[in-house]
Amino acid sequence: MTRWRSYHTPSTVEEALALLAQHPERARIVAGGTDLLLDLELGHESPVEMLVDITHIPQLTQIQEDDREPWIQIGAAVTHGRIERDPTLRRVATCLVEACSVVGGPQVRNVATLGGNVAHALPAADGTVGLLALDAQVQIATWREGQVDYTWHPLPAVFAGPGRNTLQPGQMLTAFRFRPPGPGEASAFDRIMRPQGVALPILGAAVRLGLDPERGTVAHATIALGPAGPVPFRATAAEQALRGADPTDLRAVEQVIQAAQAEARLRTSRHRASAAYRHEMVAVLLRRLLRRTVDRIRTAVPLGGPT
Ligand SMILES: Cc1cc2nc3c(=O)[nH]c(=O)nc-3n(C[C@H](O)[C@H](O)[C@H](O)COP(=O)(O)OP(=O)(O)OC[C@H]3O[C@@H](n4cnc5c(N)ncnc54)[C@H](O)[C@@H]3O)c2cc1C
């Protein structure tokens with residue numbers, strides 16, 4: 001059975017959006033294809049008229065440090081493998097690097113992209129959980145009367161529900177950006193998998209902390225969990241509980257964990273874990289990640305050891 005009629009490899013965003021505009025309901029973007037081609041093959045997605053492969057667009061495959069603004073920018077078609085190996089990201093985006101490093105195996109990571117991970121909008125997607133903890137923004141390109149309009153949005157704005165994003169026909173994700181950590185800041189990601197698990201985790205979590213240099217208390221915190229609701233989840237009550245607290249104080253950490261457990265919407269899933277087990281894993285991951293993040297801040301050792 002034919003899954004698509006034509007396959008295109010545009011070299012600019014303009015070209016890609018113009019192609020997609022020819023069949024607003026029947027053309028699909030493909031990046032690494034590790035989600036989409038499988039879904040087409042298994043019949044979870046209806047056959048389409050056109051696939052538009054965005055991985056040959058140089059603008060979408062860049063990792064950039066902006067000289068004027070303190071932003072790090074990652075193109076939507078950058079693969080997990082490149083993120084895993086990139087020396088700048090290993091220094092400034094530890095939780096994202098750790099998250100992308102566990103996606104599938106090397107074959108998957110060498111083609112699967114961060115943009116595909118976000119656009120697929122699964123609440124447990126690892127790269128997405130890492131990006132969320134960096135408080136990242138997403139760039140959306142919109143095709144308007146033959147021109148491309150670029151806008152930046154907070155990352156959560158693209159999630160509509162499990163496996164559903166808010167993009168309209170004529171739109172695509174083009175990049176992500178986040179502020180690099182300053183002194184006294186670090187991040188970490190970890191996940192709990194079933195033995196021999198190859199795809200999504202039982203639970204993943206990422207934490208980014210900034211410590212007050214004099215008091216050692218938390219000046220700012222972001223905590224992302226997945227799956228912990230219909231969309232990738234920021235544990236804002238737990239973040240609030242951490243602010244001003246000593247992250248090495250065991251009682252304070254237990255309060256943060258209780259806040260996260262109370263706000264997370266944990267489900268029982270047939271193939272992965274019960275809600276009760278996930279509830280316990282919130283505690284395991286947060287204890288582990290808070291300790292690891294504080295150690296990173298105190299020792300200032302980048303991922304992979306001293307350089
Ligand atoms: C064996 C295996 C193991 C896996 N393990 C993991 C894992 O451990 N953790 C995990 O999180 N995921 C895992 N995945 C899922 C998958 O690899 C990731 O979600 C991956 O990041 C998807 O990226 P892609 O480039 O392949 O997306 P594609 O399959 O090309 O696209 C996915 C969806 O996003 C849309 N899309 C892609 N790019 C854009 C864009 N720039 N703008 C708008 N829409 C876009 C497509 O139209 C499609 O709907 C696994 C998959 C396989 C096959």
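Two residues are said to be in contact here if their C-beta atoms, placed from the backbone, lie within 7 Å. This is a predicted model, in which local features need pLDDT of at least 70 and side-chain atom pairs count only at pLDDT 80 or more, while totals for chains, interfaces and linings use all residues. Residues are numbered from 1 along each chain as its sequence is written. The protein chain is divided into domain 1 (4–53), domain 2 (58–178) and domain 3 (200–299), with bounds that come from an automatic or database domain assignment.

**Helix H1 and its cover**

- Helices (H or I, at least four residues) and strands (E, at least two) are DSSP runs, numbered from the N terminus.
- A residue is called buried if 20 or more other C-beta atoms lie within 10 Å of its own, exposed if 12 or fewer, and partly exposed in between, with C-beta atoms placed from the backbone.
- In helix H1, which spans residues 13–22, the buried residues include Ala16, Leu17 and Leu20.
- These residues lie on the same side of H1, because they cover an arc of only 90° around the axis, the arc being that of the directions from the helix axis to the C-beta atoms.
- The cover over the buried residues of H1 includes strand S2 (27–30), strand S3 (48–53), strand S6 (137–144), strand S7 (147–154) and strand S10 (171–178).
- Glycine 170, in the loop between strand S9 (164–165) and S10, touches Leu17, Leu20, Ala21, Pro24, Thr142 and Trp143, if residues up to four places away in sequence are not counted.
- Glycine 170 counts as partly exposed because it has 15 C-beta neighbours inside 10 Å, and its C-alpha atom is separated by 8.0 Å from that of arginine 144, which is 26 residues apart from it along the chain.

**The shell around the ligand**

- There are 32 residues around the ligand, and of these Ala31, Gly32, Gly104, Gly116 and Asn117 come nearest; a residue is near a molecule or strand if its C-beta atom, placed from the backbone, lies within 6 Å of it.
- The elements that each supply two or more residues to this shell are S2, helix H2 (36–41), helix H7 (114–120), helix H8 (126–133) and S10, and the largest share, 5 residues, comes from H7.
- By class, the shell has 19 nonpolar, 10 polar and 3 charged residues, where Ala, Val, Leu, Ile, Met, Phe, Trp, Tyr, Cys and Pro count as nonpolar, Asp, Glu, Lys and Arg as charged, and the others, Gly among them, as polar.
- Because domain 1 and domain 2 both give residues to the shell, the ligand lies between them.

**Where domain 2 meets domain 3**

- The centres of domain 2 and domain 3, taken over C-alpha atoms, are separated by 22 Å.
- Their contact takes 18 residues from domain 2 and 19 residues from domain 3.
- On the side of domain 2 that touches domain 3, helix H5 (94–100), H8 and strand S8 (159–161) are the elements that give two or more residues, and H8 gives the largest share, 6 residues.
- That side of domain 2 has 13 nonpolar, 3 polar and 2 charged residues.

**The sheet S11-S12-S13-S14**

- Four strands form an open sheet in the order S11-S12-S13-S14, with antiparallel pairing, and two strands pair if DSSP finds at least two bridges between them.
- Strand S11 (185–192) and strand S14 (233–234) are at the edges with a single partner strand each, so one side of each has no neighbour in the sheet.
- Strand S12 (residues 203–211) is joined to S13 by 8 bridges, and glycine 210 has histidine 220 in S13 as its bridge partner.
- Strand S13 (residues 218–226) is joined to S14 by 2 bridges, in which alanine 224 partners arginine 234 and leucine 225 partners phenylalanine 233.
- S13 is largely enclosed by the rest of the structure, because 7 of its 9 residues are buried.

- Alanine 121, in the loop between H7 and H8, has a positive phi near 60° although it is a residue other than glycine, and it counts as buried because it has 21 C-beta neighbours inside 10 Å.
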